[in-house]
Amino acid sequence: MPPLILVDFDDTLVDTGPRFHARREQLFRFLEAEGFSREVSERVHHEVVDQELLDLMGFGPFRLGPSFRDTYVRLCFEAERFPDPGTAREAEALAAGIENPPPLLPGALEALRELTAHRSVGIYTQSHFAEYQLGCVEAAGVLEVVERSQVRITPEKSPDAFREALAHFRVGRAEAAWMVGNSIRSDVNPALAVGAGATWIDTGLTWHHDRARPVHNRFSRATSFPEAVRQLLESAD
Ligand SMILES: [Mg+2]
């Protein structure tokens with residue numbers, strides 16, 4: 001059994017993505033009422049505006065409002081309409097409050113506590129805003145279960161970043177680590193690429209940016225973090 005289990009945070013321990021998804025749904029309905037088809041709004045938002053702002057602002061809640069405003073403005077220019085400043089502000093306001101800390105998923109903290117009782121555990125989470133992300137980790141109660149030194153916040157989750165995390169957690173061989181997370185792109189693939197094991201938590205809702213094919217198919221699957229923990233604790237001892 002691997003001596004170190006790395007656990008993702010967003011949409012593994014806390015409910016992040018569905019809140020973003022709900023706000024984007026609100027935006028697309030708002031834009032429909034403004035006369036823009038959903039298909040065109042989704043394309044402009046996902047493929048143009050969000051890609052630009054991801055490069056500029058990275059992951060996290062802070063680009064959501066600007067991306068809503070920019071999507072409206074860009075749609076107007078594509079349709080050769082003059083953007084209405086008030087409508088642009090209304091679009092941006094649909095994202096208000098998204099920066100509040102995300103709530104825990106059912107049973108997640110209890111499962112994390114159970115895991116730490118039996119295994120060495122690190123939190124491995126992605127954000128361009130380390131201070132904000134640590135605040136979310138703390139607000140979720142995770143620091144009551146896992147030491148601050150066992151929380152690793154990285155601006156990106158690549159194979160190289162995963163190797164750096166293993167060095168941070170003093171794991172000499174990648175085979176001695178196991179990643180648990182909801183993203184094939186960000187959690188499963190970097191772990192598999194360097195030779196670590198992984199459990200994919202399939203939440204049934206994959207963010208458009210997260211869609212990716214696994215590096216290979218030798219990884220575990222679960223539908224929730226508590227189920228992943230049960231599997232990990234049953235698989236050895
Ligand atoms: Mg995640």
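## Helix 3 and helix 4

In this predicted model, Gly 65, Pro 66, Phe 68, Arg 69, Tyr 72 and Val 73 of helix 3 meet Thr 87, Ala 88, Ala 91 and Glu 92 of helix 4. Two residues are in contact if their C-beta atoms, placed from the backbone, lie within 7 Å. By class, this contact has six nonpolar, two polar and two charged residues. Ala, Val, Leu, Ile, Met, Phe, Trp, Tyr, Cys and Pro count as nonpolar, Asp, Glu, Lys and Arg as charged, and the others, Gly among them, as polar.

The axes of helix 3 and helix 4 (residues 85–93) come within 7 Å and cross at roughly 145°. Axes are lines fitted to C-alpha atoms, for helices over the stretch in contact, and angles run from 0 to 180 degrees between N-to-C directions. The crossing of helix 3 and helix 4 is right-handed. A crossing is right-handed if the near helix is turned clockwise from the far one by less than a right angle, and left-handed if anticlockwise.

## Basis of the model

Residue numbers start from 1 along each chain as its sequence is written. The model is predicted: local features need pLDDT of at least 70, side-chain atom pairs count only at pLDDT 80 or more, and totals for chains, interfaces and linings use all residues.

## Helix 2 and helix 3

Helix 3 (residues 64–78) also has a contact with helix 2 (residues 38–57), and their axes come within 9 Å and cross at roughly 125°. Helix 2 is therefore oblique to helix 3 (under 35 degrees counts as roughly parallel, over 145 as roughly antiparallel, 65 to 115 as roughly perpendicular, and the rest as oblique). The crossing is right-handed.

On the helix 2 side, the contact includes Val 40, Val 44, Val 48 and Leu 53. On the helix 3 side, Pro 66, Asp 70 and Arg 74 are among the residues involved. The contact divides into seven nonpolar, four polar and three charged residues.

## Helix 5 and helix 9

Helix 5 (residues 108–118) and helix 9 (residues 225–234) have axes that come within 8 Å and cross at roughly 20°, so the two are roughly parallel. Their crossing is left-handed.

Ala 108, Ala 111, Glu 114, Leu 115 and His 118 of helix 5 meet Phe 225, Pro 226, Val 229, Leu 232 and Leu 233 of helix 9. Eight of these residues are nonpolar, one is polar and one is charged.

## Domains and overall form

The protein chain has nine helices and six strands; helices (H or I, at least four residues) and strands (E, at least two) are DSSP runs, numbered from the N terminus. An automatic or database assignment gives domain 1 (4–16 + 102–234) and domain 2 (17–93). Their C-alpha centres lie 30 Å apart. The contact takes 13 residues from domain 1 and nine from domain 2.

The C-alpha atoms fill a box of roughly 65 × 35 × 30 Å, taken along the principal axes.
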